[in-house]
Amino acid sequence: MEETTKELAQFLSRVQFDDLPPEVVEQAKRCLLDFTGVTIAAAEETASQKIFDFFRKLGGFEESSVVKYAYRTSCPLAALINGSVAHELELDDGHIVAHAHPGVTSIPAALAVAEKLRSTGKDLLTAIVVAYEAVIRIGEAICPSTIYGRGIHAPALVGTFGGASAVGKLLRLNEAGMVHALGNCCLTPVAPFQTFKEGAMIKDLYGGWPAFVGTIAGLMAGEGFSGPTKILEGPLGFCKNVSDDFDLKKITENLGQEWMIMGIYFKKHASCSLSHTTMDATLALMESHPIIPDEIEKVVVKTHRFASDLNEKAPKTSSAAKSSIPFCVSLAIHNRRVSLEGFSEENISDEKILTLAEKVDLRLDPELDKIHLAHENLRPSIVKVYLRDGRVFAERREVAKGWAVNPMTDGELEEKFRGLAEAPLSKKRATCIFELINGTENLPDVMPIVKEFSKF
């Protein structure tokens, strides 16, 4: 039998900061910056306040900081709150093929334990890199079967392994200890995608709960708690549990040569990533043609499986609207962008937006689906706008802006960060955080980042 868990743990436990190529270090800082901006902005949301109010009642030792509230609690609870808040806006980073959101499920755990241990900036960045390795590799091994065949929200499912790996790295666990940190992820919950489709409030915890469980898994390994040593490859193990078509080789091939964090996407649109090629195609149409919303007879969107299921035309919540392709298409046509303010309560009940959303015909296209299944890194979408005067305009996209093959520039990422952070804080504070993160590897202690991150 393969020793997948042991091989992965061996690599994660042995890799050091000096082993990381410069471009990998820079990418880790981009991920930290993006996570920080998204979390700061999300902390302003009513749902985030509700999350904080609920979990504050549980108490906890003052070990780690919570964004915005100048409040400290236990490592696992801080990771839970910060990860849940960060996932609220649908702007957190991800990986297309792994169907994962490594940032919101790994970085909160890494920050919480790094604060407790007063870890160096180099230690934090190394923990982030190994966390992304675990999340993405395991996600690639079990998907797309997990999401398409089982209807499981893969980011919440595999995110626990990222949190556990980050914590194990910060605790300097040896190979055996890291095996148990991964093994303790047997506690990871199955997360039905139905939650997203309905826009239920509990959806936000799909970011924080894996960070919480991962933190516990790593800390327990540090205290000598043993987990199954073949959690990944065992005949009754994780991969067998959650996937009908998994590939264990994807977890260990090219370890140390191909760094998974380099394949991350950063979101341009505040919506489910499955909508992004459709959004780019729609916005391109609006830029190139003089289309007036009232003159539209119908909009036909052809796309691949699962994306074609996101067909709620009258979403009742902001969360549901972000997973509704008809609503997002209508929003893009009316506002010429798909930004945070577009998902306000006012817009969700706006008759003009809802009327056009009703005219969006979302279809599963067999040919586009074949392309997607053959090339998991492509999510093809064709948008056709039919006007009452008989004119028809069409655009097609297979990759979206922000993906690794069509990346946001450093300037665009900084613009995104400042757009999210400056309003809740100030331009001066946002600049301070930006500069701290840009020089993370030079910090003897992560506390300067944490202090700016947590005190509004």
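Which helix supplies the largest share of the lining of the second largest cavity? The share belongs to H2, with four residues. The legends below refer to a predicted model.

**View 1. The second largest cavity, lined in part by H2 and H5.** The volume of this cavity is about 40 Å³. Its lining consists of Cys-31, Asp-34, Phe-35, Val-38, Ala-86, Asp-92, Asp-93, Gly-103 and Val-104. Helix H2 (22-42) and helix H5 (102-117) each contribute at least two of the lining residues. Five residues of the lining are nonpolar, one is polar and three are charged.

**View 2. The largest cavity, with a volume of about 140 Å³.** The cavity is lined by 17 residues, and those closest to its centre are His-101, Pro-155, Phe-193, Cys-272 and Ser-273. The lining is made up of nine nonpolar, five polar and three charged residues. Over the whole structure, the search finds four cavities of 30 Å³ or more.

**View 3. The largest pocket, with a volume of about 1,100 Å³.** Among its 42 lining residues, Ala-270, Lys-322, Ser-339, Leu-340 and Glu-341 are the closest to the centre. Two or more lining residues come from each of helix H3 (46-56), helix H14 (276-288), helix H15 (318-322), helix H17 (345-348) and helix H20 (410-421). H20 gives the most, with four residues. The lining of the largest pocket holds 16 nonpolar, nine polar and 17 charged residues.

**View 4. The contact of H2 with H6.** The axes of these helices come within 9 Å and cross at roughly 90 degrees. H2 and H6 are therefore roughly perpendicular to each other. On the H2 side the contact is made by Val-24, Val-25, Ala-28, Lys-29, Cys-31 and Leu-32. On the H6 side the residues are Leu-124, Leu-125, Ile-128, Val-129 and Tyr-132. The contact of H2 with H6 comprises 10 nonpolar residues, no polar residues and one charged residue. Cys-31, part of this contact, also lines the second largest cavity.

**View 5. The crossing of H16 and H18.** The axes of helix H16 (residues 325-335) and helix H18 (residues 351-358) come within 8 Å, with a crossing angle of roughly 120 degrees. That angle makes H16 oblique to H18. The crossing is right-handed. H16 brings Pro-326, Phe-327, Ser-330, Leu-331, Ile-333 and His-334 to the contact, where they meet Lys-352, Ile-353, Leu-354, Leu-356 and Ala-357 of H18. By class, the residues of this contact are eight nonpolar, two polar and one charged.

**View 6. The cis peptide bond between Cys-143 and Pro-144.** Omega for this bond is about 10 degrees. Pro-144 lies in the loop between helix H6 (121-142) and helix H7 (145-149). As background, most peptide bonds are trans.

**View 7. Lys-68, a residue with positive phi.** Its phi is about 80 degrees, although Lys-68 is not a glycine. Lys-68 sits in the loop between strand E1 (64-66) and strand E2 (71-73). Most residues other than glycine have a negative phi.

Definitions and conventions:
Residues are numbered from 1 along each chain as its sequence is written. This is a predicted model: local features need pLDDT of at least 70, side-chain atom pairs count only at pLDDT 80 or more; totals for chains, interfaces and linings use all residues. Side-chain values use heavy atoms; hydrogens and water are left out. On a 1 Å grid over the protein atoms alone, a cavity is a set of points where a 1.4 Å probe fits but cannot get out, and a pocket is an open set with protein on both sides within 12 Å along at least five of seven lines; lining residues have an atom within 4 Å of a point. Grid points are joined across faces, edges and corners, and a volume is the space filled by probe spheres set on the points. Ala, Val, Leu, Ile, Met, Phe, Trp, Tyr, Cys and Pro count as nonpolar, Asp, Glu, Lys and Arg as charged, and the others, Gly among them, as polar. Axes are lines fitted to C-alpha atoms, for helices over the stretch in contact, and angles run from 0 to 180 degrees between N-to-C directions. Angles under 35 degrees count as roughly parallel, over 145 as roughly antiparallel, 65 to 115 as roughly perpendicular and the rest as oblique. A crossing is left-handed if the near helix is turned anticlockwise from the far one by less than a right angle, and right-handed if clockwise. Contact means heavy atoms within 4.5 Å.
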